[in-house]
Amino acid sequence: LDDYKKSEKVSIIGSPRNDNPLNNFDHLVKTFEKYYAFFDIRNINWKKLSSEYRQKISQETNEDQLFELLKEMLSQLNDNHVMLATGLDDDAEGYK
């Protein structure tokens, strides 16, 4: 874990030109579509929820605004196992 904290920041999206608010949002949505198993159990319409939040994001959305919107959207899952962290410091900042 210590080596992970010391590693350089790496974009999960790929090249810097793809590192923008809409692509980052879409990547998170697709990742949850693929790996989150509890939408049905929690009675969450992920496509509808993510569509509503995507409308709030533009290319001009800054990192702080995007982070807050993502936290707000993920909080709708009402799942204490889901957390969004910046990775920029040692204290994880979750949505709760």
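Two rings of Phe, Tyr or Trp (its six-membered ring) form a pair if their centres lie within 6.5 Å; planes under 30 degrees apart count as stacked, over 60 as edge-to-face and the rest as tilted. Keep that in mind as you open this predicted model, where local features need pLDDT of at least 70, side-chain atom pairs count only at pLDDT 80 or more, and totals for chains, interfaces and linings use all residues. Residues are numbered from 1 along each chain as its sequence is written, and side-chain values use heavy atoms, with hydrogens and water left out.

**Stop one: the whole chain.** Show the cartoon and you will find four helices and zero strands, in the order α-α-α-α along the sequence. Helices here are DSSP runs (H or I, at least four residues) and strands are E runs of at least two, numbered from the N terminus. Of the 96 residues, 31% are buried, meaning under 20% relative accessible area with a 1.4 Å probe and protein chains only; exposed is over 50%, and partly exposed lies in between.

**Stop two: the rings.** A search of the whole structure gives five aromatic pairs. Select Phe39 and Trp46: their ring centres are 4.9 Å apart and their planes meet at 25 degrees, so this pair is stacked. Phe39 is buried, with 11% relative accessibility, and Trp46 is buried too, at 5%.

**Stop three: the core.** Which residues touch the most other members of the largest nonpolar core? Select Phe25, Phe32, Trp46, Met73, Leu74 and Leu77, out of 21 residues in that core. Such a core is a set of buried Ala, Val, Leu, Ile, Met, Phe, Trp, Tyr and Cys residues joined through side-chain atoms within 4.5 Å. Helices H2 (21-35), H3 (46-54) and H4 (63-75) each give two or more residues to this core, and H4 gives the most, with six.

**Stop four: helix H4.** H4 has 13 residues and spans 18 Å from its first C-alpha to its last. Its buried residues are Leu66, Phe67, Leu69, Leu70, Lys71, Met73 and Leu74, and their cover includes H2 and H3. Centre on Met73: leaving out residues up to four places away in sequence, Met73 has contacts (heavy atoms within 4.5 Å) with Phe25, Leu28, Val29, Trp46, Leu49, Ser50 and Tyr53.

Terms used: Expected span 1.5 Å × (residues − 1).
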